[in-house]
Amino acid sequence: MSLSNDRIKERLAERFGEQVSNFAEPYGMLTFEAPKDQNLKVMQFLYEDEELKFRFLTDLQAVHYPHLQERELAVVYHLHNLEDNSRIRFKVFTSTATPDVFTATKLFAGANWMERETYDFYGVNFIGHPNLKRILNVDEMDYFPMRKEFPLEEQTRVDKDDEMFGR
Amino acid sequence: MSDHHINLPEGSIGKQTTTLNLGPTHPATHGVFQNVLELDGERIVSADSTIGYIHRAFEKIAERRPLYQITTLTDRLNYCSSPINNMGWHLTCEKLLGVKTPKRVDYLRIIIMELARISDHLICNSIVGVDAGAYTGFLYLMQYRELIYEIYEEVCGSRLTTNIGRIGGFERNFTPKAFEKLEKFLKEYPPVLREFNNMFKRNRIFMERTIGVGPISAERAKNYGFTGPNLRAAGVDYDVRVHNPYSSYEDMEFNVPVGSTGDCYDRFLVRDQEMWQSLSIIEQAYRKVQEFSGAESEVYHANIPEYYLPEKKDVYTKMEALIWHFKIIMGEIDIPPGEVYMSVEGGNGELGFYLISDGGRTPYRLHFRRPCFVYYQAYEELVKGSMLSDAIITMSSLNLIAGEMDC
C-alpha cells in the first residue's frame, strides 16, 4: 500500500486545516469527521486529488445517536482508492431538526439509491438529489423507522396476547 | 392505503409509447421486484425500478440480537450463496472481537465459500441460458448444485439457508463423509461444466443474443459502484479476495478473470472462468487441509469460550461450560465497543458489513453493503434503447437476487 493513512491525513489537513477533525484509525481504517456543509467539498477533493484518488464509493449510510445534541444523525461514507487499495471512512453529523446534507450523486452515480435508502430509514434530506423518495418502505410511511425512537418490540410483552394466535 | 398506488405516468393518455409492467411477480425477473418499462414498439425508452417487496428490516432486527443470532439473517440476503454471507458475518465479528482463527478453519471456510461461489455462478449462468431460450443447460447443471447442497447438509444440516459455521470456526468438525462428497463433486463437476460450456460458449444463437447486450464501460461501472463479476466483466480487476485477503486467501494461487466490454457475454465468461478458479482453489485448500497432522488435524474452531458454544457433554458435566453455555444462549455477553467494516467477495461482489458496537450486548448499528442493491440502479442505463428481450437477459446476467437487494 503506497498511500499511508498518515499521508492522507496530511493532505486533508493541508487543504482543510481545522475543519476536518476527530481523526482515528479503528481497525486500521482512517476515520475522520467533516462539517456537514463541507461534505461535498471534502469528497470532491478526495476524488480529484491526483494523489488521493478516492474514486469508488463503497458504501453510504446513516447512524442515529439520539443522545448527541444537535448532531443526532451521522452520515457515514466509505470511500475506496482502487489503485492504491486504501479505504477511508468519513462522517458528517447533522441534527434531526434540519437533516440537510449535500448529495453525492454528482460525483458517484451509485450514491443515488444509497442516499434514497438513507433518506428512507433516517430521514436525511440530501440537497440536490434528483429523485429523493422512499425506496424500500411504502411511500405512505410518515416516519423514519431506523431511528432509535422506534425500538423493536419487547420480547416479553404480554398486552398483545391473542386467544387464537398466541404471541 | 388509498387508490393512489396506481400512479399513471403524466400524459399517459394519448401517448405514443406503451407502458409495460415487468414484475413484481414475473417469472423472468427471478425474484420479487418491479420494472415499469416504457416501450416504443419493442424498444425500451425508459425503465423505472421499484424494489422493496421483500424488505424484512434486517438492519433493525439486528439491533436487538446478540451476534450469533444475526447469522440467520445473513442467510437470507443472497440465498444462492448463503455460506459466503454467513462467513462474512463471522469474519466481521471476529475482526471486532480480535479473534484469530486456526489455519485449518480458514481452509475449511475457503472450501465452503468457494463451493457457494460455484453454486451462485452456476445458477446465474444457466439462468442466462434459460432466458436465451435454452432450458437444458439449467436442468443439467441443477443436478450438480444438488451435490454442493449435500456437502452443506453434511457439514451443517441444512441446504439453502445454511447458518453454517460459528464465530471462531465451525459448529462441528467435517465428517469423513463430507470430504467424500467433496471429492465426488470435484470429480464429477468439471466434465459437466465443460459440456455446459460446449453448449453455450461458441453457440451462434447464444452469442448473437448476448454479445453487445447490456454493456457498461469500466468508468461507468466504477462510478455506479459495481463490484464482483459484473465489474470484472467491464475490465476492472478488483477482487476483495486479492485486495483485502481474508480467511487466508493469500495462501491460495488463483487468477482473477476480467472481461473487456462489460456486456452479457463477458459477464457469462467471467462467471464461467471464476467457477474454474474456484474449483482450483477448493483443490488447493483441500490439499492443505489434508496436510495437517496430529492434534492440528482435528481443530475446527478457535478457543474463545465467550463466543463459541461449549460441547454438549461438557455442558452437562462441567460448571464453567454450563455457565458459558447459558450466557451465550441468553445473549448476555457484552461486545467490545468499536466500529468495523469488513467485506468479503460474495457471489455478486463486495458484500460489506459495517458494524458499530457501543459496548452493549447487541450491535448499535449494522449495515449490510449489498452488491445487488448498489448495481441494480444502473439497470435503466444498461437497457435503455435495447429490445425488451435483451432487457430480460441483461437482468438475469446481472444476477439480481431480490433477497440481497431488499435486505
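Reader: Happy to start with chain A: what share of its 167 residues count as buried?

Author: In chain A, 37% of the 167 residues count as buried. A residue is buried if 20 or more other C-beta atoms lie within 10 Å of its own, exposed if 12 or fewer, and partly exposed in between, with C-beta atoms placed from the backbone. Bear in mind that this is a predicted model: local features need pLDDT of at least 70, side-chain atom pairs count only at pLDDT 80 or more, and totals for chains, interfaces and linings use all residues. Residues are numbered from 1 along each chain as its sequence is written, while chains are lettered from A and ligands numbered from 1 in the order in which they are written.

Reader: How many helices and strands does chain A have?

Author: Helices (H or I, at least four residues) and strands (E, at least two) are DSSP runs, numbered from the N terminus. Chain A has three helices and seven strands, running α-β-β-α-β-β-β-β-α-β from the N terminus on. Its C-alpha trace spans about 65 × 35 × 30 Å along the principal axes.

Reader: Now the contact between the chains: how many residues does each supply?

Author: Two residues are in contact if their C-beta atoms, placed from the backbone, lie within 7 Å. Here chain B gives 31 residues and chain A gives 26. On the side of chain B that touches chain A, the elements supplying at least two residues each include β4 (338-345), β5 (350-357) and β6 (365-369) of chain B.

Reader: Which order do those strands of chain B take in their sheet?

Author: First the general idea: strands of a sheet pair through backbone hydrogen bonds, either parallel or antiparallel. Two strands pair if DSSP finds at least two bridges between them. In chain B the order is β4-β5-β6, an open sheet of three strands with antiparallel pairing. Its edge strands are β4 and β6 of chain B, each pairing on one side only. Five bridges join β5(B) and β6(B), and B:Tyr354 has B:His367 of β6(B) as its bridge partner.

Reader: Which helix packs on this sheet, and at what angle to β4(B)?

Author: Axes are lines fitted to C-alpha atoms, for helices over the stretch in contact, and angles run from 0 to 180 degrees between N-to-C directions. Helix α3 (residues 82-97) of chain B packs on the sheet, touching β4 and β5 of chain B, and its direction makes about 150° with that of β4(B).
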